[in-house]
Amino acid sequence: MSATALDISGWTCPAPLRDRPRVVMGHGGGGALSAELVQHVFAPAFGGEVLAQLGDSASVTLGGARLAFSTDSYVVRPLFFPGGSIGDLAVNGTVNDLAMSGARAAYLSCGFILEEGVEISVVARVAEDLGAAARAAGVEVATGDTKVVEAGHGDGIYLNTAGIGLIPDGVDLRPQRVVPGDVVIVSGEIGLHGVAIMSVREGLEFGVDVKSDCAPLGGLVRAMLAVTPDLHVLRDPTRGGLAAALNEIAAASGTGVVIQEGRVPVPEAVGNACAILGLDPFYVANEGKLVAFVPREHADAVLDAMRAHPLGRHATVIGEAVEAHPGLVVARTGLGGTRVVDLPIGEQLPRIC
Amino acid sequence: MKYIEEFQDPELARRLLDDIHATVTRPWALMEVCGGQTHTIIRHGIDQLLPEQVELIHGPGCPVCVTPLEVIDKALEIASRPGVIFCSFGDMLRVPGTGRDLFQVRSEGGDVRVVYSPLDALRIAQQNPAREVVFFGIGFETTAPPNAMTVHQAKKLGIPNFSLLVSHVRVPPAIEAIMTSPSCRVQAFLAAGHVCSVMGMGEYPELAARHRVPIVVTGFEPLDILEGVRRAVRQLERGEHTVDNAYARAVRPEGNPAALAMLEDVFEVTDRAWRGIGVIPASGWRLSARYRDYDAEHRFSVTGIATQEPAECRSGEVLQGLIKPHECEAFGTTCTPRTPLGATMVSSEGACAAYYLYRRLDLAPARTAPLEASPVV
C-alpha cells in the first residue's frame, strides 16, 4: 500500500484519466480527484517551475520584488447565504490564498460571468458586496471583465478573481519547511461556512444558527508574522476542509501529522448538522480560518498573538508534525483510539440513513 | 441540545471499558449488524480499546453495500434514458455498477439528482409533469417507511409520472441466514437500534432462543456501542441468550405503529438478493399489487441485465463476517475508495472503506510506528 491513494504507474498524459473519462463533480471537490486533474492534466500541459510549487498561490520574483499571485473561481449556490455572499467569497478567497504565502494582498482582478436573465439588482448587490469586502481587506479591484452566457448555462453569477501581493523579506511559507516537532494550530472553529451554505441550499434547508466564517485573513497573518517570520506553512482549509489541508501539507512535506480529535474546535451546531447529514466536520469547507505549522519554540507566542486578533480568538493547538507515518494524518480519538484522517476523494455525500 | 456529546463522554467510556475488561474471561465474537455501528467503532477506535478476547465482526447492515449489482445496473439503465429524472440519496451515486456509476451517467448527460428525502423526488415529479421521475428506494427498515409513504402519496395525489426502483431489505432474515451458515462464528449480536425503532423487537426473541444467541439492541454513538458490548459480554459470560434493549431512548418494544402500518399498506415481503451474499428468503420488500403501477422495474422494463461482479472482490465474505476487510487480497491494492471493486469499499458505511480510511496505519506494517513515541503537545 502506498502513502497516498494515487497510483501514477502507467499513466499517460494528456487525458483520459484512468477511471473517469469525463469530469464529475468530485473533480472540483478539492480532494483526490481534484489533485489528480491538476497533476495529470494541467501541470504537464502548462509546465513551468512556478506552477510546480502547487501552492494556493504562486511565489514569483518580478523586478526584484517577491510577489504572491493567485486566482480562484466562485460558483457557490445560493448567491447569498448566512454570513456572506458570492461577492464576499470572491474577495476573501483570493486574499486568503495570498495571505497563506505571507503576502499582503494589493490588487485584484474580477471577472463576472452572468447568466442571461439574472436581475441587474442582484448583480449590483453582488458587486457592492465585492467592493465592500475589498475595502475591508485593504485591496483594490484594479481590472475586470464581464461575459454573459445564455439562459440555462449558469447559476446566475459566476465570479473569478485573481490577486497579487508583496511577500515580505524573510518570510518563506511552504510545506517543505515543515519538520517533525512543529506545532499545528487552527485559528478557530471549523465547518461554519460549509454548514451555513448547506443550511440554505435548495432541498436541504434546515434551521440552524450558523453563519459563514467568510473573512479576510491578512491581518491575522501579519499579527502572527510580527511575532516571528519563521512560520513554516499556512493553509486556509477551504474545499475539503481541515482534513484536506492537513493531508496536503503532510504529503508535500513528507512528515506525518498527529492531531488530537477532541482539541479541534467544532461548534455544537456544526457537529449536530454533520451528525444528521452523515458528514465529517473535518471535511467541511471554511472561508475564514487558517492552519499553521509553527516551530515549537515560537508556538506559545504565536498562539497569544492569534488570540489577541479578532479572527484568532479561538486559536487552538490541535497537534504536531511527527517523523512517524510520513505523509499520513492520524487523529487520536476522544476515547483514546487512533484513526487515519484521509484526503477526501471527491465531495462528501450525505448518507442514506 | 447535547444529544450527541453526552454519548461520547470519554470518562463514561472508560468506565464501560473497565467493566468490559473486568467481565471478560474467554474469547467472544460479537457481530454489530449495522454499517453505522461499524463506522462508529472504527472511527472512534473502539475496537482498539476492547479486550483482546472481544472480537467485533462487521455485519451486513450497510444498505449501500448489500444492494445487488443487478439493481445498480437497472438504476444506471433507467437514469440513462431520455426524459427521466433519476433521484437518489447521495451515497448511491458513487456505487459502481458493471463498468460505471451514477456520477458517470450524470457526466454523460443523464439527469441524476441527489435528494435528501423521497418526498423531494415526489415534488420534482409534480414540477416536471412531462418527465418520468424515479426514486431509488433502497435500504433497511429505516428508509422503507418514508419511501412507502411517498408512493402512498403519489397514488393519493394522482401523480402518474413518479415511480420507485425498490430494493428494500429486512434485517431479521439476514441474522437468521448468518446464524444458519455452517461457517458462522457469531456468538452475540448488537442489533441495529434504528431498525428496531421502526419495527420493534418482536422478531428477535425467537431468533435469540432458537440460536441461543444474545441480541442487544444498540444505538450508534460510542457509549451506545460500549454499553451494547458490555451487556452482550455479560450475557455470554453467564450463558444467557435473551433480547436486551440498550437503546431505550429510541426503541419501544412495539416499534412505530404508524410506520408499520405504512409498510403494511404499500409493501409485501419477498425473497431478495443481497450483494455478495445471495438470495435470502423473505428478506426484502417489493411494492404490493395495489401499487405495482409505481414500480420502476415494470414501468421501464429493465430486465435481462447481465451483471458481472469482480472476481477478486470478497465483499460477500466481509458482509457475512467470515473475513476482515484487510484479509482480502485486493484490499488497499486493486481495491481502494477511489477504485472500489465492491460496495463495501465505496459506501461510507462499508466495512472495507472504514478499514481503509481509518485503519491503514495499523494494516501496513512497514509504515507502522508507535504513536506513543509522538505525543501531541
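Phe7(B) sits in the segment before α1 (10–23) of chain B, where helices (H or I, at least four residues) and strands (E, at least two) are DSSP runs numbered from the N terminus. The model is a predicted one, in which local features need pLDDT of at least 70, side-chain atom pairs count only at pLDDT 80 or more, and totals for chains, interfaces and linings use all residues. Residues are numbered from 1 along each chain as its sequence is written, chains are lettered from A and ligands numbered from 1 in the order in which they are written, and side-chain values use heavy atoms, with hydrogens and water left out.

Is Phe7(B) buried or exposed? At 19% relative accessibility, Phe7(B) counts as buried; the cut-offs are under 20% relative accessible area for buried and over 50% for exposed, with partly exposed in between (1.4 Å probe, protein chains only). Setting aside residues up to four places away in sequence, Phe7(B) touches Glu221(B), Pro222(B), Leu223(B), Asp224(B) and Arg249(B), with contact meaning heavy atoms within 4.5 Å. As for Val198(B), 191 residues separate it from Phe7(B) in sequence, and the two C-alpha atoms are 22 Å apart in space.

Staying in chain B, there is a helix pair to look at. Two packed helices are described by the angle between their axes and the distance between the axes. Helix α7 (residues 118–127) of chain B packs against helix α8 (residues 144–157) of chain B at an angle of about 25°, with the axes 9 Å apart. Here axes are lines fitted to C-alpha atoms, for helices over the stretch in contact, and angles run from 0 to 180 degrees between N-to-C directions. That angle makes α7(B) roughly parallel to α8(B) (under 35 degrees is roughly parallel, over 145 roughly antiparallel, 65 to 115 roughly perpendicular and the rest oblique). On the α7(B) side, the contact is made by Pro118(B), Leu119(B), Leu122(B) and Gln126(B); α8(B) brings in residues including Pro146(B), Met149(B) and Leu157(B).

Over in chain A, helix α7 (residues 268–277) has Val270(A), Asn272(A), Ala273(A), Cys274(A) and Leu277(A) buried. What do the buried residues of α7(A) pack against? Their partner is α4 (192–200) of chain A.

Another glycine, Gly240(A), lies in the loop between β9 (233–235) and α6 (241–253) of chain A. Gly240(A) is buried, at a relative accessible area of 9%. Leaving aside neighbours within four places in sequence, Gly240(A) is in contact with Gly29(A), Phe282(A), Tyr283(A) and Pro344(A). The C-alpha atoms of Gly240(A) and Asn286(A) are separated by 8.9 Å, though the two are 46 residues apart along the chain.

Most residues other than glycine have a negative phi, and most peptide bonds are trans. His325(A) has a positive phi, near 35°, in the loop between β12 (316–322) and β13 (329–332) of chain A. His325(A) is buried, at 1% relative accessibility. Arg212(B) also has a positive phi, near 50°, and belongs to the loop between α11 (204–211) and β8 (215–218) of chain B; with a relative accessible area of 59%, Arg212(B) is exposed. The peptide bond from Arg77(A) to Pro78(A) is cis, with omega near -10°, and Pro78(A) is in the loop between β2 (65–74) and β3 (80–81) of chain A.
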